[in-house]
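Here are my notes for you, point by point. Keep the viewer open and click along as you read.

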Amino acid sequence: MKMIVGLGNIGTQYDETRHNTGFMVVDRLAGLYHTTFSKHQMEASLATTQINGEKVLLVKPSTYMNESGRAVRPLMDYYKIDIKDLIVVYDDMDLPVGKIRFRQKGAAGGHNGIKSLIVHLKTQDFDRLKVGTDHPQKTTVVNYVLSKFTATQQPLFDESVDQAIKGLEDWVHGMTIADLMNKYN
């Protein structure tokens, strides 16, 4: 079984905001594979599907961004998910809107959701898919990540979500992170 975790914040006030990029990607993936987040377990909403014959668990932590690891670690233990079968999808302000980037491991880079995962997983060695949200120009980081994409940014963001889904499907099919990086980064 593979686990795809989308990071975000629960609550309607956060719907469609930049910081909920991970949620938006896994929501779109769930819709594409005709499944819904109908199960709540260990502080997360879950959906299961099959992608090319592989069982996939889609996860949206309900702990808020800064405590994402608190939900993910128990789910990995319960479902016996190996670290190599986990990928985390999240927003990245250092990438322009419309760009995605696969990464195999590394530090949190200031992202509190990733910091929480590193603490709870006790490793930095897990696959990631960053989706660009661009950097704030005239506002604070907090206000920026909790705001929605502009009318100009939205079509670019939608294209990056489509690319992210293709990349996640390739990941499930067994493509290595190195090959994904060469194809999508």
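**Notes on the model**

1. Let's start with Gln153. Setting aside neighbours within four places in sequence, Gln153 is in contact with Arg18, Val97, Thr133, Asp134 and Tyr144, where contact means heavy atoms within 4.5 Å. Gln153 sits in helix H5 (residues 153-172). Helices here are DSSP runs of H or I with at least four residues, strands are runs of E with at least two, and both are numbered from the N terminus. A polar atom of the Gln153 side chain lies 3.0 Å from the backbone nitrogen of Thr150.

2. A word on the source: this is a predicted model, in which local features need pLDDT of at least 70 and side-chain atom pairs count only at pLDDT 80 or more, while totals for chains, interfaces and linings use all residues. Residues are numbered from 1 along each chain as its sequence is written, and side-chain values use heavy atoms, with hydrogens and water left out.

3. Is Gln153 buried or exposed? With a relative accessible area of 13%, Gln153 is buried. The cut-offs are under 20% relative accessible area for buried, over 50% for exposed, and partly exposed in between, using a 1.4 Å probe and protein chains only.

4. Now look for the largest pocket, which holds about 440 Å³ of space. Of the 22 residues lining the largest pocket, His19, Met93, Gly110, His111 and Asn112 are the closest to its centre. Strand S5 (86-92) and helix H4 (141-145) are the elements that give two or more residues to this lining. A pocket is an open set of points on a 1 Å grid over the protein atoms alone, where a 1.4 Å probe fits, with protein on both sides within 12 Å along at least five of seven lines; lining residues have an atom within 4 Å of a point. The volume is the space filled by probe spheres set on the points, which are joined across faces, edges and corners.

5. What is the lining made of? The residues divide into 9 nonpolar, 8 polar and 5 charged. Ala, Val, Leu, Ile, Met, Phe, Trp, Tyr, Cys and Pro count as nonpolar, Asp, Glu, Lys and Arg as charged, and the others, Gly among them, as polar.

6. An unreviewed UniProt entry lists Tyr14, Tyr64, Asn66 and Asn112 under "binding site". From this set, the lining of the largest pocket takes in Asn66 and Asn112. UniProt positions use the numbering given here, feature names are shortened, and annotations may be inferred rather than shown by experiment. Asn66 is in the loop between S4 and H2 and is partly exposed at 48% relative accessibility. Asn112 belongs to helix H3 and is also partly exposed, at 35%. Not counting residues up to four places away in sequence, Asn66 touches Asn112 and Ser116.

7. Stay with H3 (residues 112-121), where Gly113, Ile114, Ser116, Leu117, Ile118 and Leu121 are buried. The buried residues of H3 pack against helix H2 (68-79), S5 and strand S7 (127-132).

8. Last, some backbone angles. Most residues other than glycine have a negative phi. Glu43, in the loop between strand S2 (39-40) and strand S3 (44-51), has a positive phi near 60 degrees. Asn52 has a positive phi of about 50 degrees and counts as exposed, at 63% relative accessibility.

Note on methods
A polar contact is a pair of N or O atoms within 3.5 Å; within protein, one must be able to donate a hydrogen and the other to accept it, and residues adjacent in sequence count only if both atoms are side-chain atoms.
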